[in-house]
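This report describes one protein chain, beginning with a detail and then turning to the whole. Please look at the structure before reading on.

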Amino acid sequence: MMISVFDLFKIGIGPSSSHTVGPMVAANLFLTFLSKQTKLTEVTAVEIELYGSLAATGKGHATDTAVLLGLLGHTPSTIDTRLTSEYLTPIFSNRQLNLSGEHTIAFNSDRDIHWYGDTVLPYHPNALTIRAILADDTRYQQTYYSIGGGFVINEDNANNPDEDQARPNIDIAPYPFSTGAELLEQCREHQLSISEIVLANECHYRDQTEVYAYLDRIWQVMQDCVKQGCENAGILPGGLDVKRRAQDLHLQLLAEKDQPISKTDKLAAMDWVDLYALAVNEENANGGKVVTAPTNGAAGIIPAVLHYYRDFLSDYSPDGVRRFLLNATAIGGLIKQNASISGAEVGCQGEVGSACSMAASGLAELMGGDPAKCLNAAEIGIEHNLGLTCDPIGGLVQVPCIERNAMGAVKAVNAARLACRGNGQHFVSFDKAIKTMKQTGADMSDKYKETARGGLAVYADNRIPTAMHGVSVNYSQC
């Protein structure tokens with residue numbers, strides 16, 4: 001299966017691709033399904049059931065409000081996040097839900113949303129069921145799995161994976177590959193870079209102009225997100241009272257830019273990489289617009305490394321950004337296909353580890369690395385994130401997630417530089433690193449996989465306000 005750049009990089013909203021973007025997508029899918037079964041005007045009630053990780057940390061991730069926004073007809077890529085509160089007011093204040101903007105029904109979130117944090121459905125820890133009830137008690141329902149990065153499949157696709165048509169089969173693309181070794185062989189046989197291989201496969205399904213336009217849009221949203229993050233201050237929502245730091249850090253770095261210390265400090269660029277990552281992930285934690293890269297929890301790493309390329313390498317060009325993103329698509333696609341990018345499935349090694357690996361390979365190509373060196377960079381990036389747990393405090397994508405992106409971005413830069421100093425040979429192959437990550441995730445206790453029941457999430461000194469555990473976070477209020 002080929003995972004397209006259009007699939008892997010999605011424009012969405014924070015704070016989580018699996019807990020916010022995915023559930024909103026699922027609600028959109030349910031509206032489409034429901035419209036094929038009956039007229040929306042026939043619906044008298046809707047019930048929402050959240051399972052496993054979606055329930056365990058759903059309040060901190062605004063999963064319930066994401067589903068409701070989807071049922072209102074909003075999509076992750078088009079919703080105006082500044083108006084989220086306005087969209088939700090009729091639901092929470094008036095107890096009315098306007099399905100797809102066409103039909104209003106009574107809806108009580110306390111009664112009609114059910115949380116089953118101790119129940120994990122068979123296919124994936126992130127599951128939800130949406131049910132519509134008609135006046136004659138006819139019921140239509142669908143169960144969806146949010147499998148990371150905003151990818152969503154329904155129960156039928158989960159039970160019959162060969163029927164999943166969400167992504168085209170790579171066996172009809174010009175340069176098929178399903179492992180790192182196959183990708184490297186395609187590059188060697190046809191004397192193409194990784195980005196050229198991916199571009200040729202993308203252009204088998206779409207015009208190159210469309211592919212480039214989408215890549216340019218992704219880059220623009222990433223730049224806008226960094227800019228917003230550097231300009232916004234205050235306290236992040238959710239009850240932890242986490243102060244946004246990017247604005248202060250940005251002002252500090254600007255003030256030091258022409259100072260002697262900035263000109264002599266050989267690692268000053270890393271302070272800027274930290275800033276870029278913090279800016280993105282603070283925007284994500286605040287419910288702003290971000291690019292899943294490949295997830296929201298790891299959304300700051302690839303933009304930070306791309307900004308490093310833009311601001312600190314001499315050969316920056318828009319085409320270089322496209323090559324970076326195409327290269328990263330190959331790496332992220334292989335990880336998703338052969339392991340997972342879901343924190344609820346394999347821990348944060350699947351999110352930050354994957355993003356670090358993708359960014360390292362993309363940067364290595366821009367630094368002149370051949371495909372072997374790119375895969376070496378990707379392997380370094382994932383190998384040194386193995387075992388990374390997903391244990392966000394309070395179920396919020398804030399601590400340790402925001403800083404973890406800064407660390408992952410710096411690690412990606414270092415991995416690319418280290419690989420480009422070598423000859424492309426490495427003791428552990430990229431494919432073996434992926435398999436190890438998958439097995440490590442399978443062996444990892446569930447309490448370390450986005451359930452807020454272990455590790456840092458059970459913060460020992462009682463600094464988590466008790467009120468936040470029973471109240472959904474409305475990110476638009478900040």
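## Aromatic pairs and the overall chain

Helix α14 (residues 301-312) contains both Tyr-308 and Phe-312, which sit four residues apart, or about one turn of the helix. The model is predicted. Tyr-308 is buried, as its relative accessible area is 5%, and the cut-off for buried is under 20%. Phe-312, with 34% relative accessibility, counts as partly exposed.

The structure has seven aromatic pairs in total. In one of them, Trp-272 and Tyr-276 have ring centres 6.2 Å apart and planes at 45°, so this pair is tilted. Trp-272 and Tyr-276 are four residues apart in helix α13 (residues 268-285), and therefore about one helical turn separates them. Trp-272 is buried at 13% relative accessible area, and Tyr-276 is buried at 3%. Tyr-308 and Phe-312 also form an aromatic pair, and that pair is stacked.

| Pair | Centre to centre | Angle between planes | Class |
|---|---|---|---|
| Trp-272 and Tyr-276 | 6.2 Å | 45° | tilted |
| Tyr-308 and Phe-312 | 6.0 Å | 25° | stacked |

Now to the whole chain. The protein chain has 20 helices and nine strands. For 478 residues, a compact globule would have a radius of gyration near 23 Å, and the 22 Å of the protein chain agrees with this. Its C-alpha trace spans about 70 × 55 × 45 Å along the principal axes. Of the 478 residues, 58% count as buried. Among contacts between residues at least 6 apart in sequence, 77% join residues at least 24 apart.

Key:
Residues are numbered from 1 along each chain as its sequence is written. This is a predicted model: local features need pLDDT of at least 70, side-chain atom pairs count only at pLDDT 80 or more; totals for chains, interfaces and linings use all residues. Side-chain values use heavy atoms; hydrogens and water are left out. Helices (H or I, at least four residues) and strands (E, at least two) are DSSP runs, numbered from the N terminus. The radius of gyration is taken over C-alpha atoms; the globule rule is 2.2 Å times the number of residues to the power 0.38. Buried means under 20% relative accessible area, exposed over 50%, partly exposed in between (1.4 Å probe, protein chains only). Contact means heavy atoms within 4.5 Å. Rings of Phe, Tyr and Trp (its six-membered ring) pair if their centres lie within 6.5 Å; planes under 30 degrees apart count as stacked, over 60 as edge-to-face and the rest as tilted.
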